[in-house]
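The following note comments on one structure for a reader who is new to such models. Please keep the sequence and the 3D view open while reading the numbered points.

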Amino acid sequence: MAGKSGRVAQQALQHQLKVGEFFSAKDFVPVTQAHIMADTESLGEAGVRWLEGLADAPEGQRHVRIPTITDPRGTDFAKAAFLGQKPAMLELERRTISAFVRLGVAMTDTCINYQTIQAPTRNEHVAFGDTGVVIYSNSICGARSNFEGGPSALAAGLTGRTPRYGFHLPGQRRATLHVRVDLTPASLNEWGALGGVIGRIAGNYWAVPAIEGIEEAPRSDELKHFGAAMASFGSVALFHLVGLTPESGRLRDVAVAGLPNHQVARADIDALRSSYHNDGLVDVVVFSAPQLSLFELRDLADLCEGRRFAVPLLAVTSPQVKPDSDRMGYTARIEDAGGTLLSGMCFYQSYAREIAEANGWKRLATNSVKLVNILGGYGYQPILASMEFREPHSCTGRRAGRFADARRL
């Protein structure tokens, strides 16, 4: 605070003290990793100038002290022209990347770091920003993080600590409601829909659902969509799957008697899915939010075999997964069918409204429940379906396909 480590660390600590005082934190907790959400659509010119001001500090006074990585960027530079992104957007991206590099931040550009880089371990205190990253790390890995805003996550990277409040505290991690479900979802969009329903029930950041009724151990991609949707619909940062997640071998491990009880049935899942149904034409299909794993890309490549898409199909993955997808032939199979594989970005963090205007896209189909929840605010009419879903006109020579009665390929 006296400035002996330079103004960058001083400003970071000043910011953290204000955050800690707001949340009544008694002290700081050391953290081992930081993950920064800092897309340029959110940063804007003012935010990028602020980052550049930090990066202009002397060499020995501006570097992060712990491994610090980035969330998806606002573009895939190799595909920016195809997306219709403007030069001003790309220049803002280049400036942001340059500033982060000078600060010592690793440009991982991913929201699935728990699948690709270094998954946090149980009880590891971290400072993560992306909501899907936080809920997965807290719930599935048993790590400890709050939703860290961009400046707070960067401050944690610069100081190696974060205010000790919220989900860094054992008492805050106990369940506040009990949810029993009567189904085990069968597809990624069903897992997302279940997460969305539970998120709506929970309804706030401090709510922690303890969930029973899942009969089989879910895979990582299923839990990824489940948690991302729950965080999107309810701001939830932590859930417990009784008997499955690290902190909840039994219900009594995380819950006390008398919690509010809720029941989730198949009808609740169907109601959420049908609220994003559209019998009209589809302009674009997007698989994003979260970024796709290698195995999701494999499944998509299999579905592309022998087909030619009538509408643009965008699949978004991380820079860590893309080379393996190329090497294994998944990228070529997707793009031979007319799809486009994008790397290091996220669709809704990439000037989605401007992309829609540039390409004339309005009706967007996806299997991501998180994405349909967000895109209405960008002017889209989102449609929720499984990755396998098709309708007879969706793979013809028409400009757009029609989504009607669901069918498996």
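1. A salt bridge is a side-chain nitrogen of Lys or Arg within 4 Å of a carboxyl oxygen of Asp or Glu. The side chains of Glu-222 and Arg-219 form such a pair, at 3.3 Å from N to O. Glu-222 is buried, with a relative accessible area of 8%, whereas Arg-219 is exposed at 55% (buried means under 20% relative accessible area, exposed over 50%, partly exposed in between, with a 1.4 Å probe and protein chains only).

2. This is a predicted model, in which local features need pLDDT of at least 70 and side-chain atom pairs count only at pLDDT 80 or more, while totals for chains, interfaces and linings use all residues. Residues are numbered from 1 along each chain as its sequence is written, and side-chain values use heavy atoms, with hydrogens and water left out.

3. By the salt-bridge rule, the count comes to 23. One of the pairs is Asp-56 with Arg-102, whose closest N and O atoms are 2.8 Å apart. Asp-56 lies in the loop between helix 2 and strand 3 and Arg-102 in helix 4, so the pair ties together parts 46 residues apart in sequence (helices, H or I of at least four residues, and strands, E of at least two, are DSSP runs numbered from the N terminus). Asp-56 is exposed at 54% relative accessibility, and Arg-102 is partly exposed at 28%.

4. Glu-335 and Lys-79 also meet in a salt bridge, at 3.4 Å from N to O. Glu-335 belongs to helix 13 and Lys-79 to the loop between strand 3 and helix 3, 256 residues apart.

5. Finally, a network of salt bridges links Glu-45, Arg-49, Glu-52 and Arg-95.
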